[in-house]
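Subject: Structure handover

Hello,

I am passing this structure on to you, with my notes on what turned up in it. Please have a look at it first, then read on below.

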Amino acid sequence: MGIYNSNNKGVKMVYLIIRKFHIKDSSMKPEYQVEKWAETIKEANKYLTALHVLEESENKTFFIVQAHENPALILTEEVA
């Protein structure tokens with residue numbers, strides 16, 4: 001999973017598509033959730049474009065975050 005970043009040799013990169021939910025002019029804090037992930041920025045941009053086209057709510061926005069893959073943080077079984 002992921003591609004190698006030339007700046008950090010040996011570190012794999014993944015791209016997270018984050019969904020932000022926030023009702024404007026409210027006292028509520030924004031909520032963030034990983035909506036999707038991708039191995040390349042090209043693939044991430046495709047997902048982002050599709051989400052923007054399909055989403056009808058004015059309270060949701062999507063953006064891409066580059067993340068380092070960290071094997072220590074990958075769940076290997078369901079914990080809930």
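**What I found**

V65 sits in strand β4, which covers residues 60-68. Please keep in mind throughout that this is a predicted model. The relative accessible area of V65 is 31%, so this residue is partly exposed. Together with Y32 and F63, V65 makes a nonpolar surface patch of about 260 Å².

A67 belongs to strand β4 too. Is A67 buried or exposed? Its relative accessibility is 16%, so A67 counts as buried, the cut-off being under 20%. If you set aside the neighbours within four places in sequence, A67 has contacts with K12, M13, V14 and L16. For K12, the C-alpha atom lies 8.6 Å from that of A67, although 55 residues separate the two in sequence.

**The overall picture**

Stepping back to the protein chain, you will find 1 helix and 4 strands, arranged along the sequence as β-β-β-α-β. The chain has 80 residues, and 19% of them count as buried. As for contacts with a separation of 6 or more, 53% of them are between residues 24 or more positions apart.

**The core**

Which residues make up the largest nonpolar core? There are 7 in all: Y15, I17, A38, A44, L48, L51 and F62. Both β2 and α1 (41-54) supply at least two residues each, and the largest share, 3 residues, comes from α1. L51 is a handy one to click on: leaving out neighbours within four places in sequence, L51 is in contact with I17, E35 and F62.

**Around R19**

R19 may interest you for its side-chain interactions. This residue lies in strand β2, residues 12-21. How many salt bridges does the structure hold? The count is 1, and the partners are R19 and E35, whose closest N and O atoms are 3.7 Å apart. That pair links distant parts of the chain, with R19 in strand β2 and E35 in strand β3 (residues 31-38), 16 residues apart. E35 has a relative accessible area of 33%, which means that E35 is partly exposed.

The side chain of R19 also makes a polar contact of 2.7 Å with the side chain of Q33. Not counting residues up to four places away in sequence, R19 touches E31, Y32, Q33, E35, K60, T61 and F62. Several names in that list come up elsewhere in this note: Y32 is part of the nonpolar surface patch, and F62 is part of the largest nonpolar core.

**A loop residue to look at**

One last item is D25, in the loop between β2 and β3. What is its phi? The angle is near 60°, a positive value in a residue other than glycine. The relative accessible area of D25 is 87%, so D25 is exposed, the cut-off for that being over 50%.

That is everything on my side.

Best wishes

Methods:
Residues numbered from 1 in each chain as written. Predicted model: local features only at pLDDT ≥ 70, side-chain atom pairs only at ≥ 80, totals over all residues. Heavy atoms only, no water. Patch = residues over 30% accessible without salt bridge, like charges linked within 9 Å, V, L, I, M, F, W, Y side chains within 5 Å. Areas by Shrake-Rupley, 256 points an atom, 1.4 Å probe, with all protein chains shown as cover. Salt bridge = Lys/Arg side-chain N within 4 Å of Asp/Glu carboxyl O. Buried < 20%, exposed > 50% of the residue type's maximum accessible area, 1.4 Å probe, protein only. Polar contact = N/O pair within 3.5 Å; in protein donor to acceptor, adjacent residues only side chain to side chain. Contact = heavy atoms within 4.5 Å. Core = buried A, V, L, I, M, F, W, Y, C linked by side-chain atoms within 4.5 Å.
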